[in-house]
Amino acid sequence: MTQQTFNVDVCVIGAGAAGLSVAAGAAQLGLSVVLFEAGEMGGDCLNTGCVPSKSLIAASKIAHNMRHAAEFGLKNVKPVVDWNKVRNHVDGVIATIAPIDSQERFESLGCSVVREHANFISPHVLESPSARVKARRFVIATGARAAIPPITGLHETPFLTNETVFTQDSLPHSLIVLGGGAVGVELGQAFARLGTLVTIVEAANIMGPQDPEAVQAVRTSLQADGIKLLEGAKAVIVTGDTDQVSVTLEDGRVLEAQRLLVAVGRTARVENLGLEKAKVVYSKKGVETDQHLRSISNPRVWAVGDVAGKEQLTHAAGFQASVFIRNALFKAPAKAQVSHMPAVAYCEPELARIGLTEIEAYQQFKRDVMVTKAEFSDNDRAQTERTTTGFCKLVIGKGGKILGATIVGEGAGEAIQLVGMVMANNQKVGALTNLISPYPTRSEIVKRAAGAYFTPRLFSEKTRKLIRFLKNFG
Ligand SMILES: Cc1cc2nc3c(=O)[nH]c(=O)nc-3n(C[C@H](O)[C@H](O)[C@H](O)COP(=O)(O)OP(=O)(O)OC[C@H]3O[C@@H](n4cnc5c(N)ncnc54)[C@H](O)[C@@H]3O)c2cc1C
Ligand SMILES: NC(=O)c1ccc[n+]([C@@H]2O[C@H](COP(=O)([O-])OP(=O)(O)OC[C@H]3O[C@@H](n4cnc5c(N)ncnc54)[C@H](O)[C@@H]3O)[C@@H](O)[C@H]2O)c1
């Protein structure tokens with residue numbers, strides 16, 4: 001095959017959330033861009049991550065509500081789940097969103113899109129079977145894939161990952177999920193609500209280093225969904241075939257299920273990229289960069305998204321793309337690490353977090369921390385909807401600076417954005433109390449938690465004295 005030669009401003013490797021954001025930004029700023037994609041346009045988020053998982057969760061929530069309709073005066077019904085139709089729903093959502101990430105759209109923006117695997121052949125040349133590219137800047141946006149732990153027998157046993165779990169032929173009647181992080185908990189709960197018998201095997205505790213009280217709310221809900229939750233449980237042997245798998249734990253217990261889902265974290269895609277030839281230093285975590293996402297060893301190369309070894313989230317990928325654009329194109333020194341990056345697990349109850357947890361704040365700032373809390377049980381909208389589980393906790397530092405927040409409960413991912421807005425703009429807790437929240441909304445909980453910061457001051461003896469004094473003036 002003859003190779004087309006490109007000499008461009010920006011060459012992007014990978015058309016997932018990160019690479020697409022870089023390519024769209026650079027092309028719309030008038031730069032010449034070549035974009036390589038070996039698989040599906042849209043990468044993980046669209047095809048095997050956020051979009052299918054949230055679509056499956058939506059279906060499972062309806063199944064759950066059907067089983068629990070009686071509280072509202074409707075009849076509880078056992079949902080009949082037609083897995084092929086659930087798959088059609090998931091595929092339909094992907095197909096609806098896909099045009100935004102499509103080759104056609106990016107070509108219409110002016111990018112040259114090459115649907116091939118690309119690798120470096122020198123520090124400033126990249127190639128694929130049909131293309132050879134010299135670029136002023138290369139952006140590695142190759143993402144990550146499911147990490148496969150070194151468990152005896154795992155490689156010889158059929159297992160699912162996020163790449164195959166959504167396209168199974170049938171709904172499994174039982175499923176062991178290895179890993180109780182965001183993927184394991186979200187998908188474990190979704191399958192349980194669709195009727196699968198789910199066991200989650202988690203080596204430490206579910207949901208990692210989140211607020212323990214918030215994690216407890218999630219744990220209670222998973223157990224209420226009939227999920228067998230084994231925390232502090234280490235799988236040591238896996239055996240089985242496509243119809244039956246068996247997992248032996250360190251303590252000798254043996255678990256059996258029809259299928260096994262491996263969800264123990266992500267491994268950066270750094271292999272077969274010619275990074276040695278490009279003189280790009282990397283580790284298992286990803287490409288090693290400075291705080292502006294520029295390779296520490298090849299200044300022509302940048303890394304964004306999951307492969308950059310920082311937060312592995314779609315909105316983080318988008319933010320990192322903007323950091324590249326600001327640094328490389330506008331010469332503005334933007335940093336990749338910010339304190340107001342939110343993360344949300346879309347289980348029920350949703351668990352949203354931004355900045356520091358209570359524990360982390362006390363570890364860092366000792367006594368200069370105040371934690372305020374409001375409960376969804378005191379929120380009228382939550383009462384009308386009978387979803388009163390959860391709370392909003394604000395972690396506030398010296399002078400009213402917001403250090404972080406955790407919200408657990410229905411709609412937590414929406415409500416946390418109010419805190420994000422305040423943190424992003426360096427405002428203080430007062431900005432949240434100045435807000436007029438429409439009634440009745442679940443997000444009012446944030447204002448209520450913020451109000452608790454001022455309550456002791458507002459109703460103090462000093463304020464009462466002031467009121468008594470002001471009474472003298474009519
Ligand atoms: C089940 C699941 C649910 C998730 N849910 C959420 C969520 O709700 N919210 C959220 O924020 N995040 C979520 N995430 C994380 C999110 O999907 C990722 O953080 C995001 O997709 C990363 O984007 P990326 O562009 O860095 O990588 P990717 O999307 O992986 O894109 C990289 C692309 O590069 C291509 N590629 C790799 N090597 C080459 C090469 N050499 N040549 C050419 N092309 C190459 C790949 O084919 C791929 O398409 C979820 C992840 C999973 C697994
Ligand atoms: N809603 C979201 O934003 C969302 C949803 C899904 C995934 N994601 C992203 O994808 C990333 C990967 O998710 P994930 O859930 O695969 O990873 P994770 O790192 O969030 O959780 C993995 C869990 O597996 C456990 N574990 C590790 N090895 C194990 C073993 N051998 N046996 C049992 N448990 C083991 C860990 O203790 C950890 O709790 C997340 O960190 C997040 O960045 C985000």
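How many residues surround ligand 1, and which are the closest? In this predicted model, where local features need pLDDT of at least 70, side-chain atom pairs count only at pLDDT 80 or more, and totals for chains, interfaces and linings use all residues, side-chain values use heavy atoms, with hydrogens and water left out. Residues are numbered from 1 along each chain as its sequence is written, while chains are lettered from A and ligands numbered from 1 in the order in which they are written.

Ligand 1 is surrounded by 38 residues, and Glu-37, Asp-44, Lys-54, Asp-306 and Thr-314 are the closest; a residue is near a molecule if one of its heavy atoms lies within 4 Å of it. By class, this shell holds 15 nonpolar, 15 polar and 8 charged residues (nonpolar: Ala, Val, Leu, Ile, Met, Phe, Trp, Tyr, Cys and Pro; charged: Asp, Glu, Lys and Arg; polar: the others, Gly among them). Polar contacts are pairs of N or O atoms within 3.5 Å. A polar backbone atom of Ala-18 is 2.9 Å from an oxygen atom of ligand 1, and for a polar backbone atom of Asp-44 the distance to an oxygen atom of the ligand is 2.8 Å. An oxygen atom of ligand 1 also lies 3.1 Å from a backbone N or O atom of Leu-313. The protein buries 92% of the 1,000 Å² that ligand 1 exposes when taken alone (accessible areas by the Shrake-Rupley method with a 1.4 Å probe). Two or more residues of the shell come from each of α1 (17–28), α2 (43–47), α3 (50–67) and α8 (314–329); helices (H or I, at least four residues) and strands (E, at least two) are DSSP runs, numbered from the N terminus.

Around ligand 2 there are 20 residues, of which Val-183, Glu-186, Glu-202, Gln-312 and Val-344 come nearest. The shell comprises 11 nonpolar, 5 polar and 4 charged residues. At least two residues each are supplied by α6 (182–194), β9 (197–202) and β19 (342–345), and α6 gives the most, with 3 residues. An oxygen atom of ligand 2 lies 2.9 Å from a backbone N or O atom of Val-183. In the side chain of Glu-202, an N or O atom is 2.6 Å from an oxygen atom of ligand 2, and a polar backbone atom of Val-344 is 2.6 Å from a nitrogen atom of the ligand. Of the 840 Å² of accessible area that ligand 2 has on its own, the protein covers 73%.

Terms used
A polar contact is a pair of N or O atoms within 3.5 Å; within protein, one must be able to donate a hydrogen and the other to accept it, and residues adjacent in sequence count only if both atoms are side-chain atoms.
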